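Here is a report on the disulfides of one protein model. Look over the sequence and structure, then read on.

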Amino acid sequence: LSIAKYGSYAPMLGGGLSAESAAEVSGASGFACGDTVSVFHTVDVAAREAAFELRLSAASNGAKGAAFSECLRAVAESANGGSVELKQSLVGSAAVFESGAEVVCSVRIDGVRKPGKLVVRIDVRLACEAGASPRGALSATVGTQTAVLTEVERVRGAAEPYVTLEKTVTTGDGLCGVHDSKLLTDSYVAADMREIKFCYTVMNRGTRPACGLSLVQNSGLEDGASVNVALHALSDACSAGEYNALPASTTTGRAPSAWSGVTTEHTLRYPCGVTKVEPVARVVAAGSTLAAAAVSIDAKDSCGGAASPARAAAASGASSRLSLDDSSLRQTELSTCPCIIMSKMFYVLEETAGPGADGISTCILRVAFDGWQCLDLLDIESLPSAGAYEICYFTEAVRYVPWGTSLFNKTVGDSVGCKTRTVDIVEPVVLTRLI
């Protein structure tokens, strides 16, 4: 039994290899409150199936405030087939963080192709309790085997704030959380400038409030110009009436949705000649940088009229109509077939009045459920019957975009100024439509 060493995998996701693990790791090695800790166990699969229980300390053995609080997932390290089932239970009446609390991860492996040794990775949550000052160790045990995370008092965020910043980028009219990514290769032009929107999530994963926070965005240009980005919905957890803080977090749960954090966005305009830049954002308190994050902008042209694949296809009259069992379904095909992208739920701006003399209309924000049902090519095998399909390669869309305002903090039914615009899709998608 062993624990993956810090730095051998993405700490919020879990991972690593058993070869890069140890029976004892220190909280001082870089772990933080809320991280995913990966535990490895080698099991003997004698009859193509096996089962075991991983018992986790749900309370630090020195001072309370740290725990292995959840069993997140279990996967087999080798590609020997079979399925891995994971169930979780809390032993006894003690709650997580309370002395004696224990979480049990029950793992069952079935359908392994051949008998032998199988390494199973179990990802667990390293949680901290808001307001606490944890101390001691946490253990993971299978039978007589034990792996230990020591010095939990030195985990980042234990008895201190721990601020993180996640940053992404999209086109100026894109929606954060929908169209954003770490790399932007397209944008649209407004008033002869390239308009870029940055999306931010600032989080405090520590057991103490983070005070006096501000967010600073650098343009990434040689002049080094920076702007202060408004952080909405901060609290007065540090000083009554001063809303510049993030409260402490209790970092339990399968996802960080309930942890202390805020989201915001900011739009910058760059000269069209700027095609490649890496702007950096920093969360600052008392003159010190608490967290920093960068994104990459690598535009294809300087706001020129380079033809997109869709425009090239339209010019040539290319189209495709393929049967379900056609092997070329797996290829990226260009087509002029009409198709409206539909997801389970997405937001659109719908014009209600205008446009006025200034060219600006009034739109309301609503949820759309209509449109063609477009199917991802990777799911084509799950369709119930064969048929004819069109292959649509989308690189741009025409839609209403907010004008002179932002959709941040807007709700369904709110009115905003809007204009129509043909915009490049940040990450072109290939979809199919039933004829």
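## Disulfides in the model

Cys-211 is partly exposed, with 39% relative accessible area. Partly exposed here means a value between two cut-offs: buried is under 20% relative accessible area and exposed is over 50%, with a 1.4 Å probe and protein chains only. The partner of Cys-211 is Cys-238, joined to it by a disulfide with an S to S distance of 1.9 Å. Cys-238 also counts as partly exposed, at 34% relative accessibility.

This is a predicted model, in which local features need pLDDT of at least 70, side-chain atom pairs count only at pLDDT 80 or more, and totals for chains, interfaces and linings use all residues. Residues are numbered from 1 along each chain as its sequence is written, and side-chain values use heavy atoms, with hydrogens and water left out.

A disulfide is a covalent bond between the sulfur atoms of two cysteines. Here, a pair of cysteine sulfur atoms within 2.5 Å counts as one. The rule gives five disulfides.

| Pair | S to S distance |
|---|---|
| Cys-176 and Cys-199 | 2.1 Å |
| Cys-211 and Cys-238 | 1.9 Å |
| Cys-363 and Cys-418 | 1.9 Å |

Start with Cys-176 and Cys-199. The torsion about their S-S bond is about -80 degrees, so this disulfide is left-handed. Cys-176 lies in the loop between strand E12 (163–171) and strand E13 (183–184), and Cys-199 lies in strand E15 (residues 193–204), so the link ties together parts that are 23 residues apart in sequence. Strands (E, at least two residues) are DSSP runs, numbered from the N terminus. Cys-176 is partly exposed, at 28% relative accessible area. Cys-199 is buried, at 5%.

Back to Cys-211 and Cys-238. Their link is left-handed, with -80 degrees about the S-S bond. The pair links distant parts of the chain, 27 residues apart. Cys-211 sits in the loop between E15 and strand E16 (213–218). Cys-238 sits in the loop between strand E17 (226–229) and strand E18 (260–271).

What is the handedness of the link of Cys-363 and Cys-418? The link is right-handed, with 75 degrees about the S-S bond. Cys-363 lies in strand E25 (residues 361–368) and Cys-418 in strand E28 (residues 415–434), so this pair ties together parts 55 residues apart in sequence. Cys-363 is buried, with a relative accessible area of 0%. Cys-418 is buried, also with a relative accessible area of 0%.

Key: Helices (H or I, at least four residues) and strands (E, at least two) are DSSP runs, numbered from the N terminus.
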